[in-house]
Amino acid sequence: MIGTVLCYVLLPAARLLQALRDAFFTCRKNVLLAKSPSTQIEGVFGATRGRLVPEEQEALLQQWLEEGVENLPASESVPAVRKVSVTLTSDWLEGSELLMTSLSDLNTSPEVTRCADQQLSELNALASSELRDHAVAELARLPAEETVTVGGSAPWAAVVPQADDQTAGCAGINVEVLNDDPAVLAWSLACDAETVPPVLPAQPIQDAVPFYPVPTEVPYHEILWRDWEDLSVQPCVLEQVSKNTPLFEFRVMSYNILAQDLVEQGLDLYVHCHPDILNWNYRLPNLLQEIQHWDPDVLCLQEVQENHYWEQLEPTFKEMGFACFYKRRTGTKTDGCAVCYKHSRFQLISLSPIEYFRPGLDVLNRDNVGLVLLLQPVLPEGLGLEAVSPLCVANTHVLFNPRRGDIKLAQVALLLAEIDKIARTTEGSYYPVILCGDLNSVPDSPLYKFIRNGELSYHGMPAWKVVSGQEDFSQQLYSRKLLAPLWPSSLGVTDKCQYVTLCQPKKLGRREYSRDFLLQFRFCDVACERPPQLVLLEGVTDAKPVASAREHSAVTAVPKRHRSLSILGKQCSGVIQHGLNLTSVYSHFLPQRGRPEVTTMPMGLGATVDYIFYSAEPVESKAGECRRLYKDGALKLLGRLSLLSEDVLLMANGLPNPFCSSDHLCLLASFGLEISSL
């Protein structure tokens, strides 16, 4: 059967009404074509190679109507879909039954059209004799790719283009008629799809309106196909191969699997999805199948619901050979982060869960969490006296709120301080680090640049700009700005994202103090008390030191919360740093498509917020270049699973969909660790 897909984009009211009239007319005409015998269709197509004048089009339409009614089986009747009421006041009355019957058969397409109640009278008037001539005349002039979105429909409806020049076919369109409106169609999936009759071959119509056909079943596996990018041919990796340096190869996956509680709390975000594909019983097998297919050795998950983890995910992962660790968000939140690794490939050295919530600190008052593990790779037997460096793996889910960049920055600083503690060696260097997570920030945001470049000057920066980059609040008159220091000294974290207790290396032997350091204590309480065993010498040990007014005011002017930093000689410059030398697995751009990569699609807008960072060696950059360059060091990037662009995800009805059961794409990378001799 030959159907038609009606797709719309926003237009002014006058053009919207005209487009609705033309589209409704076209739908009727194509339905009648579908009911005509193939020989009649071919004959008509052969006679309409050139553009027809309106009188000829009207005559052909009347002929198709008559022939269609004659060939309609007697047993075929209009199906009852809730309440259908159509008032037709023209000589097209005999085609209304044909139209509604065909629309009921078209029930498998994700393409939808909505018609508002106030437009019902206009649609009915379309069938009248006084508007018929106008509709016929305007049909040929309807732009080939002009589409309209009617109020209430999803503004980012997927359209699957057809490569060949052929008459438009269509998968089924699910018709749901409400309030006596026969044209109300909604975004849905065909969970109760009926079998669509095979499409009869047809010849193309020249100068007719080309509609984009949609297949009976959307080929999600073809649309969402992701290539594996082999990066082992890079010069740095080839150099290792030429030196016959063995590598310990492993795969790391980072995946925000969308907690079911969050789905049910925010159903407005998923109005484009059929309710069935949002059901956890549907999503869980899809997610497990995807993880099992890519077979990672280290798995970092975000938005893992606690009861689902303990009851379903952990038992399943253990059967797959994983050792699992989980940290639920603090407060009343029901989801958290999980890190799993195959115990046949790694052994646990240390585990450090992180809670970002700190009572009394406004900059750390949210319930996000993270996990940091130090793993020892397990080498296969037979390698003899060879060893491989431990690997630090971190996983986190940072606050979403795009207005609170200060909180996001403090959370990341706390995570980096924990990584610094876990990954630091006795010599002061670092083990290789892999940082995964949903950072809720885009690649050009200051937070991303801080992680990658190792430095950020945040003083005076608007809070919304620091991290997210997903929303622009620059028009606000009184936006929150970041002031130095971002967090108090009581947190115990320096501006180099290190714990105060660990950033000072221990010195062996005699301790030496500078004169300036000792002078800071000359008027403390202990210094102003005369020891009882001290010999009293007039003019020498009998005088009690008193601070001058100037010195006293200089000391007391320093707030108590900053005195510890002043004693340590720290300057609150509004600049934070870290020394982990991290770079991203992904480039965030698809050169073959000329579009940016996306990892999620909230409300139909693609964005990259998920990352896998890994340790690399910095390369000396040119003077004035703010972007730090890296090359692979002991940890080498061997490959990655390609990401998709926004337009591709739109063709699959966004995220989630029947193929991808989360609103994020999974990230997957293959690494190699150098194996050295003992």
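1. The largest pocket is lined by 35 residues, among which L269, E303, F400, N440 and P602 lie nearest its centre. A pocket here is an open set of points on a 1 Å grid over the protein atoms alone, where a 1.4 Å probe fits, with protein on both sides within 12 Å along at least five of seven lines; lining residues have an atom within 4 Å of a point. The model is predicted: local features need pLDDT of at least 70 and side-chain atom pairs pLDDT 80 or more, while totals for chains, interfaces and linings use all residues. Residues are numbered from 1 along each chain as its sequence is written, and side-chain values use heavy atoms, without hydrogens and water.

2. The volume of the largest pocket is about 920 Å³, taken as the space filled by probe spheres set on the points. Its lining comprises 15 nonpolar, 12 polar and eight charged residues.

3. Helix α12 (residues 405-423) and helix α13 (residues 446-453) have axes, fitted to C-alpha atoms, that come within 11 Å and cross at roughly 20 degrees. The two are therefore roughly parallel (an angle under 35 degrees). In their contact (heavy atoms within 4.5 Å), L409, V412 and L416 of α12 meet L447, F450 and I451 of α13. The residues of this contact divide into six nonpolar, no polar and no charged.

4. For helix α10 (residues 280-294) and helix α11 (residues 306-319), the axes come within 12 Å and cross at roughly 30 degrees. W280, L284, L288 and I291 of α10 make the contact with H308, Q312, L313, T316 and F317 of α11. These residues divide into six nonpolar, three polar and no charged.

Notes: Nonpolar A, V, L, I, M, F, W, Y, C, P; charged D, E, K, R; others polar. Axes fitted to C-alpha atoms, helices over the stretch in contact; angles between N-to-C directions. Helix = DSSP H or I, 4+ residues; strand = E, 2+ residues; numbered from the N terminus. Parallel < 35°, antiparallel > 145°, perpendicular 65-115°, else oblique.
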